[in-house]
Amino acid sequence: MTTLKSKLQDDLNAAIKERDELRSSTLRLTLAAITKEEVAGKEKRELSDDEVQKVITREAKKRREAAEAFAQGGRAESAERERAEGEVLAAYLPKQLSDDELNQIVAQAVEEAKAAGAEGPRAMGAVMKIVNPKVAGQAEGGRVAAAVKKILADTP
């Protein structure tokens with residue numbers, strides 16, 4: 001068992017003993033998603049820590065989107081529950097980059113892309129190829145793309 005998956009399992013056991021319903025249900029759902037990912041395909045395999053982290057990231061994103069949908073639908077209590085579940089999952093993810101840190105990384109990548117000959121809005125793909133490995137797991141794709149578009153639009 002990977003270290004991140006075993007940590008989730010240990011935390012689930014602790015949450016059950018403490019009768020922490022929110023934590024235990026969130027961790028159960030996340031472990032179920034990990035197991036589902038492990039048995040998907042032709043044969044069962046064990047996920048690496050990076051793959052487990054991607055599953056947790058995907059689950060956290062689902063919680064954020066559900067919270068938004070519930071809030072727009074006027075179901076504040078359900079939205080709050082989804083946000084709380086998202087916070088539980090956030091503890092298992094790397095710290096997210098601040099907007100300033102992200103903009104700094106994107107600005108460097110834009111300079112690298114320009115040095116390689118990419119110019120203007122068409123440079124988006126080249127810049128994303130440079131930025132994505134640097135910010136993997138620390139910033140959501142939508143945030144990264146928005147920052148790249150903004151900086152490309154600002155640079156002449």
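Modeller: Ser 25 is buried, since its relative accessible area is 15%, where buried means under 20% relative accessible area, exposed over 50% and partly exposed in between (1.4 Å probe, protein chains only). This is a predicted model, in which local features need pLDDT of at least 70 and side-chain atom pairs count only at pLDDT 80 or more, while totals for chains, interfaces and linings use all residues. Residues are numbered from 1 along each chain as its sequence is written, and side-chain values use heavy atoms, with hydrogens and water left out.

Ser 25 belongs to helix α2, residues 21–39; helices are DSSP runs of H or I with at least four residues, numbered from the N terminus. A polar atom of the Ser 25 side chain lies 3.1 Å from the backbone oxygen of Leu 22. Leaving out residues up to four places away in sequence, Ser 25 touches Arg 81 and Glu 85, contact being heavy atoms within 4.5 Å.

Elsewhere, the largest nonpolar core has 20 residues, and those touching the most other members include Val 127 and Val 131. Such a core is a set of buried Ala, Val, Leu, Ile, Met, Phe, Trp, Tyr and Cys residues joined through side-chain atoms within 4.5 Å. Helices α5, α6 (124–135) and α7 (141–154) each give two or more residues to this core. A second, separate core of 16 residues includes Leu 12, Ala 33, Ala 60 and Tyr 92.

Ala 109 sits in helix α5, residues 99–115, and counts as buried because its relative accessibility is 0%. Beyond its neighbours within four places in sequence, Ala 109 is in contact with Val 127, Ile 130 and Val 131.

Technical notes:
A polar contact is a pair of N or O atoms within 3.5 Å; within protein, one must be able to donate a hydrogen and the other to accept it, and residues adjacent in sequence count only if both atoms are side-chain atoms.
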